Amino acid sequence: MKNYFLLFIFFVFCKSAFTQGKNNKDIFTTTIRYHYGVVMPHHKSISYLINDQISAVELNMGYIPSNEKNWAKLYKQPEIGLGLYHGSLGNDKVLGNVTAIFPYINFPLSRSNKWEINAQLGIGLGYTKKHFDPVRNYTNLAIGTKFNAFFKLIAQGSYSINSKWGINAGLGFNHISNGSISAPNKGLNILTSNFGVKYYWNEKSRKSFTPAVREEKLPNEFILIYGNGIKQASEKDHHKYYTSSVTGNYSFGINAKQKIGFGIDLFYNKAANRGKWDFEPETDFENRFSQAIFISHDLVIEKFSIIANIGVYTYYKTEPEKPVYTRLGIRYRLNKHLVTSLSLKAHMGKADYIEWGIGYRIKRDKSEK
């Protein structure tokens, strides 16, 4: 009953917020979606825990911005909003349920008068009551904390019944983990099929959807970012270790939405070479330091950027878990020069740590020499 009450409060709050900020040229929506699927255990140590399929319900409150906004026109007027997800995790006794709240964006891939194909990306916060405990729940090696990062990706097709109602169906992928803030942290990957119903609060007019205009490509830029994080090396070592990085990234605008580039990472990891037991061996700075090079891709949406990097370590004294790493996250431009970032660094799908960063941006355009 508590979960249904929270769902109702969430619905009322979002409806009120959207109604107060209503613009006749914006389209406001509510989508209710049902998921059914499986947990895909990617570690042998947790595969035996999964004994059931998963089911979940999802509520999205969103809006489709007016085509008067340049960025909205460029992305064919994507739907932006806030989502609430509640579902099982394949073992009610050990893993329990997850409740997550997340901002999302629906990217239209193809659109006609009645049909639409889109991809939804959401990143937020998930809550799981049943997590690892050395006494009460020691078999749960998947989730080590109550609060976790929640990532979702859906590919779906939708059909407009009329100007007020639509239906949709597709395939979805969810990932839940705490980014190694606390161990254990094997994480959970969930694959679902889903279907839903969408309601348009103000009448949808397909005439409001216009093709993007031709725009100039994004300017080249250099960004220097200082990042910080916290991680736990293993469940047998209860210390929280500090991590930091300095990243230099030069990127080239290839069109009005994307940038590609290259850069260098300098990492400091206090958890390096600490062993797997609860003791503190002597470790000097050189053992904690590593250097890497990477290639980058940025998807730019107004002041936000969705970043994806893949890199390889080129110098280290303590051997990393894998020679190759990835970094996925978001970046926000505060003003002309200052940026903030939030990202997840991982080794071949296994989270290393969550990183918060602040940086300085130098834009290079035709007016600069």
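Helices (H or I, at least four residues) and strands (E, at least two) are taken here as DSSP runs, numbered from the N terminus, and two strands count as paired if DSSP finds at least two bridges between them. The model is predicted, so that local features need pLDDT of at least 70 and side-chain atom pairs count only at pLDDT 80 or more, while totals for chains, interfaces and linings use all residues. Residues are numbered from 1 along each chain as its sequence is written, and side-chain values use heavy atoms, with hydrogens and water left out.

**The barrel**

In the order 1-2-3-4-5-6-7-8, 8 strands close into a barrel with antiparallel pairing. Neighbouring strands of this sheet are turned by 25° against each other on average, direction ignored, where axes are lines fitted to C-alpha atoms, for helices over the stretch in contact, and angles run from 0 to 180 degrees between N-to-C directions.

**Aromatic pairs**

The structure holds 19 aromatic pairs, a term for rings of Phe, Tyr and Trp (its six-membered ring) whose centres lie within 6.5 Å, with planes under 30 degrees apart counted as stacked, over 60 as edge-to-face and the rest as tilted. The rings of Tyr 127 and Phe 147 have planes at 55° and centres 5.3 Å apart, so this pair is tilted. Because Tyr 127 lies in strand 5 and Phe 147 in strand 6 (residues 147-160), the pair ties together parts that are 20 residues apart in sequence.

**The largest pocket**

A pocket is an open set of points on a 1 Å grid over the protein atoms alone, where a 1.4 Å probe fits, with protein on both sides within 12 Å along at least five of seven lines; lining residues have an atom within 4 Å of a point. The largest pocket has a volume of about 1,400 Å³, and among its 47 lining residues Leu 121, Gly 122, Ile 123, Phe 151 and Ile 330 lie nearest its centre. Strand 5 (residues 115-127) gives the most to this lining, with 7 residues. Since domain 1 (26-200) and domain 2 (220-363) both contribute lining residues, the largest pocket lies between them.

Terms used. Grid points are joined across faces, edges and corners, and a volume is the space filled by probe spheres set on the points. Domain bounds come from an automatic or database domain assignment.
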